[in-house]
Amino acid sequence: MTGGNATFEPQVAPCGATRGGERIFTDDLLGLATEELRFSCGCRNAREEFHDGSVHLRVVRHDGRVLVDNEFRGE
């Protein structure tokens, strides 16, 4: 398993503000990969890619409102 975290330069957060934050990522080298952007304002973007090719995307504003919660099925 690999993974890590790093800071990212300011970009437009889900709430519309321009903020930097932290990027957290993991990969089990067998097909499961996750990436999460945590903005300094509290907004979050998360992407999970599963072994079967399915992808789950979730975007949450800092006030807790879920803007996107989609799952795309693999084969």
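Two strands are taken to pair if DSSP finds at least two bridges between them. On that basis, this predicted model contains an antiparallel pairing of strand S1 (residues 2–12) with strand S2 (residues 18–27), joined by nine bridges. Strands S4 (residues 44–49) and S5 (residues 55–60) also pair in the antiparallel sense, over six bridges.

- Ile24 has Glu36 as its bridge partner in S3.
- In the hairpin of S2 and S3, five residues lie between the strands, and Leu29 takes a positive phi near 65 degrees.

**Strands S4 to S6**
- Arg47 has Leu57 as its bridge partner in S5.
- Five residues lie between the strands in the hairpin of S4 and S5, where Gly53 takes a positive phi near 95 degrees.
- S5 is joined to strand S6 (residues 66–72) by six bridges, and these two strands run antiparallel.
- Leu57 stands opposite Asn70 in S6.
- The hairpin formed by S5 and S6 has five residues between them, and Gly64 in the turn has a positive phi of about 95 degrees.

**Nonpolar core and the contacts of Cys43**
- The largest nonpolar core consists of five residues: Phe8, Ala13, Leu37, Phe39 and Cys43.
- Leaving aside residues up to four places away in sequence, Cys43 touches Ala13, Pro14, Cys15, Leu37, Arg38, Val60, Arg61 and His62.

Technical notes
Residues are numbered from 1 along each chain as its sequence is written. This is a predicted model: local features need pLDDT of at least 70, side-chain atom pairs count only at pLDDT 80 or more; totals for chains, interfaces and linings use all residues. Side-chain values use heavy atoms; hydrogens and water are left out. A nonpolar core is a set of buried Ala, Val, Leu, Ile, Met, Phe, Trp, Tyr and Cys residues joined through side-chain atoms within 4.5 Å. Buried means under 20% relative accessible area, exposed over 50%, partly exposed in between (1.4 Å probe, protein chains only). Contact means heavy atoms within 4.5 Å. Helices (H or I, at least four residues) and strands (E, at least two) are DSSP runs, numbered from the N terminus.
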